[in-house]
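Here is a short briefing to read alongside the coordinates.

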Amino acid sequence: GRRVEGLLGNSVAMDRVNDVVHKVADVFTTVLVTGESGTGKGLVAKAIHQLSARANKPFVAFSVCSFPESLIDDELFGHERGAFTGANQGRRGRFEEANGGTIFIDEIGDLALPLQAKLLRTLQERTVSRLGSNASHAIDVRVICATNRNLEQMVREGTFREDLYFRISVVKIAMPSLRERSEDIPLLAEYFL
């Protein structure tokens, strides 16, 4: 297939990534992109979205590390009017914003356990419940997650839910570090120069 936009490299490792991206794009399944910071995990998520039938629908990126824990629930799931002091109007969360399209949740390994439970429920039921509401809205969202942490180890340590891990990692794409694809360095250097 053609190269994924923004993902430079002719190495075997990058060919493999490219192949999986093309194969998985039109399959409605969760994808977990793993790899060190700076390996292009976000580019992979965007490429999967752009190559899918959802390309003309929203692509919403959210990084768990960008928000304090107390705000993540509201950011992802939204709130109803009056849900907390100062909530003068309801607000859609990222899941509702991504409806019909794709949500990319980066640094999923940093999500606190209570929010892991809420995310699991959202994935299982394909519904979202705003803060301060008993009602849930049906949503149609493809979920792609990324992490630079070892989630299998976190599962063993009890810091990441096993059921959520299996749910988000139906397809796994491991991004190679530059050490693993040194033959791509001249190409990258030329590009950045």
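Where does arginine 126 lie? Arginine 126 sits in the loop between H5 and strand E4 (127-128). Please keep in mind that this is a predicted model. The points below cover backbone angles, nonpolar cores, aromatic pairs, a helix and a strand.

**Positive phi values**

- Most residues other than glycine have a negative phi.
- Arginine 126 has a positive phi, near 55 degrees, although the residue is not glycine.
- With a relative accessible area of 46%, arginine 126 is partly exposed.
- Glutamate 107 is another non-glycine residue with a positive phi, here near 60 degrees.
- The loop between E3 and H5 holds glutamate 107, and this residue counts as buried at 12% relative accessibility.
- Glycine 78, which follows H3, also has a positive phi, near 80 degrees.

**Nonpolar cores**

- The largest nonpolar core contains 29 residues, and Phe95, Ile105, Ile108, Phe160 and Ile168 have the most contacts inside it.
- Two or more residues each come from strand E2 (59-63), helix H3 (69-77), strand E3 (102-106), helix H5 (113-125), strand E6 (142-147), helix H6 (151-157) and helix H7 (162-168).
- H5 gives the most to this core, with four residues.
- Leaving aside residues up to four places away in sequence, isoleucine 108 touches Leu32, Val64, Leu119, Cys145, Ala146, Thr147, Leu151, Phe160 and Ile168.
- Another core, of 16 residues, lies apart from the largest one; among its members are Val31, Val33, Ala47 and Ala146.

**Aromatic pairs**

- A pair of aromatic rings is described by the distance of the centres and the angle of the planes.
- The count comes to four aromatic pairs.
- In one of them, the ring centres of phenylalanine 62 and phenylalanine 67 are 5.2 Å apart and the planes stand at 10 degrees, so this pair is stacked.
- Phenylalanine 62 is buried at 2% relative accessibility, whereas phenylalanine 67 is partly exposed at 24%.
- Phenylalanine 77 and phenylalanine 95 form a stacked pair, with 5.6 Å from centre to centre and 5 degrees between the planes.
- This pair links distant parts of the chain: phenylalanine 77 belongs to helix H3 and phenylalanine 95 to helix H4 (residues 94-97), 18 residues apart.
- Phenylalanine 77 is buried, with a relative accessible area of 1%, and phenylalanine 95 is buried at 1% as well.

**Helix H3 and its cover**

- The buried residues in H3 include Ile72, Asp73, Asp74, Glu75, Leu76 and Phe77.
- Among the elements that cover the buried residues of H3 are E2, H4, E3, H5 and E4.

- How many of the six residues of E6 are buried? Six of the six are, so E6 is largely enclosed by the rest of the structure.
- In a regular strand the side chains alternate between the two faces of the sheet.
- Both faces of E6 are covered, with Arg142, Ile144 and Ala146 buried on one side and Val143, Cys145 and Thr147 buried on the other.
- Strand E1 (residues 31-34) pairs with E6 in the parallel sense over four bridges, and leucine 32 has cysteine 145 as its bridge partner in E6.
- E3 also pairs with E6 in the parallel sense, over four bridges, and isoleucine 103 stands opposite valine 143 in E6.

Key: Residues numbered from 1 in each chain as written. Predicted model: local features only at pLDDT ≥ 70, side-chain atom pairs only at ≥ 80, totals over all residues. Heavy atoms only, no water. Core = buried A, V, L, I, M, F, W, Y, C linked by side-chain atoms within 4.5 Å. Buried < 20%, exposed > 50% of the residue type's maximum accessible area, 1.4 Å probe, protein only. Contact = heavy atoms within 4.5 Å. Phe/Tyr/Trp six-rings, centres within 6.5 Å; stacked < 30°, edge-to-face > 60°. Pairing = 2+ DSSP bridges.
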